[in-house]
Amino acid sequence: MQQSPDSDPVNSPKLSYKKYRLFGLLIVFFALALRLFELGERVFHHDESVHGSFTLKLLETGDYSYNPAYHGPFLFHSTAAVFHFLGINDTTARLVPVFFGVATILLLFLLKKELGKSGVLWAMFLLAFSPSMVYFSRFFRNDMIIVFCTLAAVTGVFRYLDNIHNSKRYLYLILTASSLAIAVTAKENAYVIILIFGAYAGMGLLYWIYSTWKRENLSLQKTLLRKASVLLPFLPEILLSGALSIFIIMFFYTSLFRNDISLFSIVERAFTHWLAMHRIERIGGPFYYYIPILFRYEIPVILFGTAGFFHFLKSKGRNVPFFLFLCYWAFTSLLLYSYLQEKVPWLVVHIVLPFGILAGAYLGELFSRNTESVMPEQELLEGNLSPLTGSKPSFRAKHPGKARTLTAGILALALLISLGQCISVNYYRSMEPAELMTYTQASPDIRELMEKIEGLDRRPENLRLYVVDPNKLYWPLPWYLEDYDKVGYSSKPPASSKYDAIIVPMSYDMYREISAEEYSSYNFTLRPGRDFTLYYKKKLEMNG
């Protein structure tokens, strides 16, 4: 499937730059609408509530201390700024992931040279309504920040190399350095991404040296000196960009230079904690853990991304280095995340990203050409082509009609299924335990629980409330009870019964200790397998 000059999607007359930009912006607005619609409707997940409580502590007291179990500081600091300006609720807490989720799609504009205009639009479209991309862009976690930073680093490197001999390269170097630094401040799987990209860069550098050594038949020492002389002029800007990365990392980890922590300590804590989690298989799973998720939610991405993977591996067309890297990135992401024993649904977005770009590139190339490369009979008859004179045949796009129709049909069906899944898992079944995406999601019962508590005849600052759980797994209740000053949390019921309400596991029969005539009860599910009961004084009911 090779591109001819006439069918280059970048320069295709069928898609003017004005239309390309318009279609791209429409896709971005479509992506934004999907991510903002009923953003606060889903009850906070356990992890979201922990992040929210840490952010509130940072906002109210300025206290922050790095704990790798809860990832890096960027999410807390950026969301604290959102809370300060826009208020504190479930919706505003999720605005940072929404921003980075949409910004990721915008970044694809920078890959027009590699993907072509059609490829960019297809990739944007696929990622815009990817069920997992939408779901975790509406989720108060760090992963969409990492997704954005990953793609920003990739685009920055390729645009840097593309502008290596003009001053524009400095902007792209800054983009790459700052993106990798923010990724490190967001979540520890940034080190996985750095490993993937660093290994590829190292292999590329070795191949560059080896090919010159073999081609020019020089000694290895002379080859190394020659290559060093080529790289030396770029060393100062690379070192400065490294210094910028360190500055950004320390800026956030020290919480605006208010805490004392070393760069070595940051890296050591991250590796110590997460290697231990991998060894003990804290949240383990089979090697194929992500395959069912991909096939349930991401059919067009995985189907055409895989087709693109095999196509571009053997392709000799435009931008071979980029597509070889893209194939490597997709393959190693799937391999590494399948190997690591921290199996959770939100990590699937790091696999979807490169496969989504591969799928977009493949579809852009496939549907931008209408025929296969043939020598048109009409031009032979008109004398425009002559085998005797050695004139080159022209190529007109001609894709076999039946194959094209079949592919279009498969694509349409896959898109419909994926769009249906996107709507279902994000707006109708976002709290259903049966969904593979909704790992340990809190129950919608919490909304009714809060209505009951808020309906009691006590102001938040006066209501005496206890939450009891021997496992201390009562999240997300601390987030929703944040305004209640007299709430207490413990592993067993308090000795004194001087409280207005108490929440305990359903297995506790509190009526052995309190009067059924004095207290009413309400049973609710906190999250799958975690059933609790609220006991509250009947006299506090507003309609009592």
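1. The lining of the second largest cavity has, by class, 6 nonpolar, 3 polar and no charged residues, where Ala, Val, Leu, Ile, Met, Phe, Trp, Tyr, Cys and Pro count as nonpolar, Asp, Glu, Lys and Arg as charged, and the others, Gly among them, as polar. The residues in question are V147, T150, I193, I196, W329, S333, Y337, H350 and L353. About 60 Å³ of space lies in this second largest cavity, and a search of the whole structure finds 4 cavities of 30 Å³ or more. On a 1 Å grid over the protein atoms alone, a cavity is a set of points where a 1.4 Å probe fits but cannot get out, whereas a pocket is an open set with protein on both sides within 12 Å along at least five of seven lines; lining residues have an atom within 4 Å of a point. Grid points are joined across faces, edges and corners, and a volume is the space filled by probe spheres set on the points.

2. The model is predicted, and local features need pLDDT of at least 70, side-chain atom pairs count only at pLDDT 80 or more, and totals for chains, interfaces and linings use all residues. Residues are numbered from 1 along each chain as its sequence is written, and side-chain values use heavy atoms, with hydrogens and water left out.

3. Helices α8, α10, α16 and α17 each supply at least two residues of the lining of the second largest cavity, and the largest share, 3 residues, comes from α16. Helices (H or I, at least four residues) and strands (E, at least two) are DSSP runs, numbered from the N terminus.

4. T150, one of the residues that line this cavity, lies in helix α8 and is buried, with a relative accessible area of 4%; buried means under 20% relative accessible area, exposed over 50%, and partly exposed in between, with a 1.4 Å probe and protein chains only. Leaving aside residues up to four places away in sequence, T150 touches I193, F197, W329 and L353, a contact being heavy atoms within 4.5 Å.

5. P354 has its place in helix α17 and is buried, with a relative accessible area of 0%. Its contacts, not counting residues up to four places away in sequence, are L326, W329, A330 and S333. The C-alpha atoms of P354 and V301 are separated by 9.4 Å, although the two residues are 53 residues apart along the chain.

6. Turning to the open sites, the largest pocket has a volume of about 1,700 Å³ and is lined by 40 residues, of which V157, F158, Y160, L161 and A201 lie nearest its centre. The elements that give two or more residues to this lining are α6 (112-128), α8 (143-162), α9 (169-186), α10 (190-216), α11 (220-231), α12 (235-253) and α16 (320-339). Helix α10 supplies the largest share, 11 residues, and by class the lining has 26 nonpolar, 10 polar and 4 charged residues.

7. The second largest pocket, with a volume of about 1,100 Å³, is lined by 40 residues, and H71, W274, M277, R282 and E342 are those that lie nearest its centre. Two or more residues of its lining come from each of α2 (46-61), α10, α13 (263-280) and α16, with α13 giving the most, 7 residues. By class this lining has 23 nonpolar, 9 polar and 8 charged residues.

8. The largest nonpolar core has 141 residues, and those with the most contacts inside it are L108, I453 and I503; such a core is a set of buried Ala, Val, Leu, Ile, Met, Phe, Trp, Tyr and Cys residues joined through side-chain atoms within 4.5 Å. Helix α17 (residues 349-366) gives the most to this core, with 12 residues. Not counting residues up to four places away in sequence, I503 touches a set of residues including L449, I453, L465, F524 and L534. A second, separate core of 8 residues includes Y499, I502, I514 and Y519.

9. For the chain as a whole, there are 21 helices and 5 strands, and the C-alpha atoms fill a box of roughly 105 × 55 × 40 Å, taken along the principal axes. Buried residues make up 52% of the 544 residues, and of the contacts with a separation of 6 or more, 75% are between residues 24 or more positions apart.
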